[in-house]
Amino acid sequence: MTIFSASAIFFMACQKELSLPEGPVLPPDPTPVTIDSTDYLEKIFSIDSLSGISDTTQIVDFVYDASKRVTARIIYVHNILASTYTYSYNGNDTLPYKTQQVDFENGMPLTQRNDTTRTFYLYTSDGRNLYDSSFYSVHNMNNGQPYYQLQKITNRYEYASGRIFRLSSRQVLEGTVPVSATPSYSVDTAEVDAGRNITGYKHYSILPSGASQFTNLYTYTYDNKPSPFAKLSNFKTLDPMASGSQNNKLKIHYEFQGGTLDEDLSGRYLYKTNGYPYRLAFPSGTNYYHIESYIYKTL
């Protein structure tokens with residue numbers, strides 16, 4: 001799951017219509033990376049502990065192919081399948097050209113839904129996101145009657161020294177209930193360090209007038225240990241504003257329109273002898289902990 005702002009010229013550009021790829025876009029062949037075969041993330045267990053009573057609330061499984069590429073991520077919540085992500089590659093490419101995400105929410109009869117998002121990627125020559133285009137279909141129940149919506153979300157990324165800029169738009173394409181077809185725009189900016197860790201992230205909404213409105217801001221500090229995701233090339237690129245860090249977050253500062261929040265994770269990691277974390281505990285209050293356990297394997 002960023003103390004900076006974009007220039008006025010950049011925000012003016014956000015008011016223009018986007019013209020981005022909408023079909024499968026093929027990434028260039030990335031430069032091969034030589035890495036060892038150990039410490040590939042296999043599972044993440046999320047454990048909530050209240051007053052000494054622990055409950056495994058979420059399990060994330062990672063599936064690989066013979067080329068050590070992630071082909072699927074499967075998420076269970078309370079032992080019930082919650083969502084799946086599948087990653088598609090061309091030939092020997094190490095970066096996926098497509099991701100399909102399916103969310104399952106079948107527990108409530110009047111809100112029965114399966115939401116599917118298909119995202120296509122185009123990369124720069126050095127393997128960073130250039131464009132991505134997502135098609136998001138929602139199948140839901142409204143007073144016992146099924147309906148659907150189909151939405152398009154596009155992102156364009158720009159890079160400067162120590163910064164990433166993302167311009168995104170979201171537009172409803174069609175549906176069986178009245179929906180607005182007016183695009184909405186947002187602008188994200190991120191500051192990154194030499195290791196491509198995101199040290200700050202700021203989000204703006206673009207109002208119909210063209211003015212920018214601050215929404216939220218994150219700032220991060222990191223340890224010097226490898227992240228559980230450090231070897232997963234797809235996670236380094238698929239969401240450069242939120243993931244892909246090479247090290248582990250130690251401090252998180254969050255600002256939003258209603259206030260601020262801070263989380264200090266210093267001393268909350270337990271590391272293996274080679275530096276990879278195998279446990280992280282989030283303190284909250286006097287008798288509650290959220291614990292993440294990381295399981296690795298050799299490919």
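Helices (H or I, at least four residues) and strands (E, at least two) are DSSP runs, numbered from the N terminus. The structure described here is a predicted model, in which local features need pLDDT of at least 70 and side-chain atom pairs count only at pLDDT 80 or more, while totals for chains, interfaces and linings use all residues. Residues are numbered from 1 along each chain as its sequence is written, and side-chain values use heavy atoms, with hydrogens and water left out.

Strand β5 covers residues 98-105 and includes Q101. Burial is expressed as relative accessible area: buried means under 20%, exposed over 50%, and partly exposed in between, with a 1.4 Å probe and protein chains only. Q101 counts as buried because its relative accessibility is 18%. Polar contacts are pairs of N or O atoms within 3.5 Å; within protein, one atom must be able to donate a hydrogen and the other to accept it, and residues adjacent in sequence count only if both atoms are side-chain atoms. The side chain of Q101 forms such a contact with the side chain of Y85 at 3.1 Å, and another with the side chain of D103 at 3.2 Å. Contact in general means heavy atoms within 4.5 Å. When neighbours within four places in sequence are set aside, Q101 is in contact with T84, Y85, D115, T116 and T117.

A nonpolar core is a set of buried Ala, Val, Leu, Ile, Met, Phe, Trp, Tyr and Cys residues joined through side-chain atoms within 4.5 Å. The largest such core contains 33 residues, and those with the most contacts inside it are L41, F62, Y64, V70, Y87 and L232. With residues up to four places away in sequence not counted, L232 touches Y40, L41, F62, Y64 and V70. In soluble globular proteins, nonpolar side chains tend to be buried together.

Seven salt bridges are present in the structure, a salt bridge being a side-chain nitrogen of Lys or Arg within 4 Å of a carboxyl oxygen of Asp or Glu. One of them joins D61 and K43, with the closest N and O atoms 2.5 Å apart. D61 lies in strand β2 (residues 53-64) and K43 in strand β1 (residues 40-50), so this pair ties together parts that are 18 residues apart in sequence. D61 is buried at 15% relative accessibility, whereas K43 is partly exposed at 25%. In the salt bridge between R156 and E158, the closest N and O atoms are 3.4 Å apart. R156 is partly exposed, at 21%, and E158 is also partly exposed, at 30%. R166 forms a salt bridge with D188, the closest N and O atoms being 2.5 Å apart. Because R166 belongs to strand β9 (residues 163-175) and D188 to strand β10 (residues 184-192), the pair ties together parts that are 22 residues apart in sequence. Both R166 and D188 are buried.

Strand β11 (residues 198-206) is mostly covered, with seven of its nine residues buried. Two strands pair if DSSP finds at least two bridges between them. Eight bridges link β10 and β11 in the antiparallel sense, and V187 has Y204 in β11 as its bridge partner. The hairpin of β10 and β11 has five residues between the strands, and R196 takes a positive phi near 65° there. β11 also runs antiparallel to strand β12 (residues 212-226), to which seven bridges join it. G200 stands opposite T219 in β12. In the hairpin of β11 and β12, with five residues between the strands, G210 takes a positive phi near 100°.
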